[in-house]
Amino acid sequence: MFAGVVDERANAAQRRALAAIVSGEAGGPPGFIRDNLVSDFRGVEFKPIEFSMDGLKRSTVISDIASFEIEGVAPRNRPGEPLYIDNTAHPANRRLALARSKETHIHGFGLDLDFVGKGNNGHFAPFAWAA
């Protein structure tokens with residue numbers, strides 16, 4: 001299953017373009033994922049998105065759909081910088097920062113999930129998609 005959310009502040013042209021990218025219709029990594037890895041596409045919604053970065057912490061709130069908070073895993077010898085996994089096949093980036101998920105809540109697109117506490121992993125990375 002996969003779905004997408006575009007920030008509601010996007011204008012009409014931006015909404016069309018971003019919906020095409022997120023849905024995989026424009027090709028690129030989302031198109032590859034939709035065509036080869038996931039058959040259950042649940043659509044694109046337009047909601048307010050809040051994103052915050054503070055050092056190694058990242059959090060996102062998408063109104064009525066999802067919220068999550070992660071914190072990068074810092075090595076002992078480089079505080080303030082996360083540990084990385086390099087040379088991955090991840091569609092966002094070949095280099096991923098390791099993180100621990102503090103909490104994840106998803107209540108949308110037919111899902112009703114809450115993960116809170118220890119033992120949940122995460123990662124973050126900058127990305128750029130091209131068709």
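Which residues is threonine 60 in contact with, leaving aside its neighbours within four places in sequence? Select threonine 60 in this predicted model and look along strand β4, where the residue is found. With those neighbours set aside, threonine 60 is in contact with Ile49, Glu50 and Phe51, and also with Ala66, Ser67 and Phe68. Its relative accessibility is 9%, so threonine 60 counts as buried, the cut-off being under 20%.

Move on to aspartate 64, in the loop between β4 (57-62) and β5. Check the backbone here: phi of aspartate 64 is near 65°, a positive value in a residue other than glycine. Aspartate 64 is exposed, with a relative accessible area of 61%.

Lysine 102 belongs to strand β7 and glutamate 71 to strand β5, so the pair ties together parts that are 31 residues apart in sequence. Both ends are partly exposed: lysine 102 has a relative accessible area of 37%, and glutamate 71 has 24%.

**The loops on either side of β6**

Next, select arginine 76 in the loop between β5 (66-72) and β6. At 88% relative accessibility, arginine 76 counts as exposed.

Arginine 95 counts as partly exposed at 38% relative accessibility, as does aspartate 86 at 46%.

Arginine 95 is also one of the residues touched by threonine 88. Select threonine 88 in the loop between β6 (84-85) and β7. Not counting residues up to four places away in sequence, threonine 88 touches Asn93, Arg94, Arg95 and Leu96. Threonine 88 counts as buried, at 16% relative accessibility.

**The β7 and β8 hairpin**

Now show strand β7 (residues 96-108) with strand β8 (residues 111-116): the two pair in the antiparallel sense over 6 bridges. To follow the pairing, select histidine 107 and its bridge partner in β8, aspartate 112. The hairpin has 2 residues between the strands. Phenylalanine 109 is in this loop, and its phi is positive, about 55°, although the residue is not a glycine. Is phenylalanine 109 buried or exposed? Its relative accessible area is 15%, and phenylalanine 109 is buried.

**Back to helix α1**

At the N-terminal end, select asparagine 11, which caps α1: a side-chain oxygen lies 3.1 Å from the backbone nitrogen of alanine 13. Just after α1, glycine 24 takes a positive phi of about 95°.

**Last stop**

Finish at aspartate 40 and arginine 42, whose side chains meet in a salt bridge at 2.8 Å, N to O. Aspartate 40 counts as partly exposed at 31% relative accessibility, and arginine 42 counts as partly exposed at 36%.

Technical notes: Residues numbered from 1 in each chain as written. Predicted model: local features only at pLDDT ≥ 70, side-chain atom pairs only at ≥ 80, totals over all residues. Heavy atoms only, no water. Polar contact = N/O pair within 3.5 Å; in protein donor to acceptor, adjacent residues only side chain to side chain. Helix = DSSP H or I, 4+ residues; strand = E, 2+ residues; numbered from the N terminus. Pairing = 2+ DSSP bridges. Buried < 20%, exposed > 50% of the residue type's maximum accessible area, 1.4 Å probe, protein only. Contact = heavy atoms within 4.5 Å. Salt bridge = Lys/Arg side-chain N within 4 Å of Asp/Glu carboxyl O.
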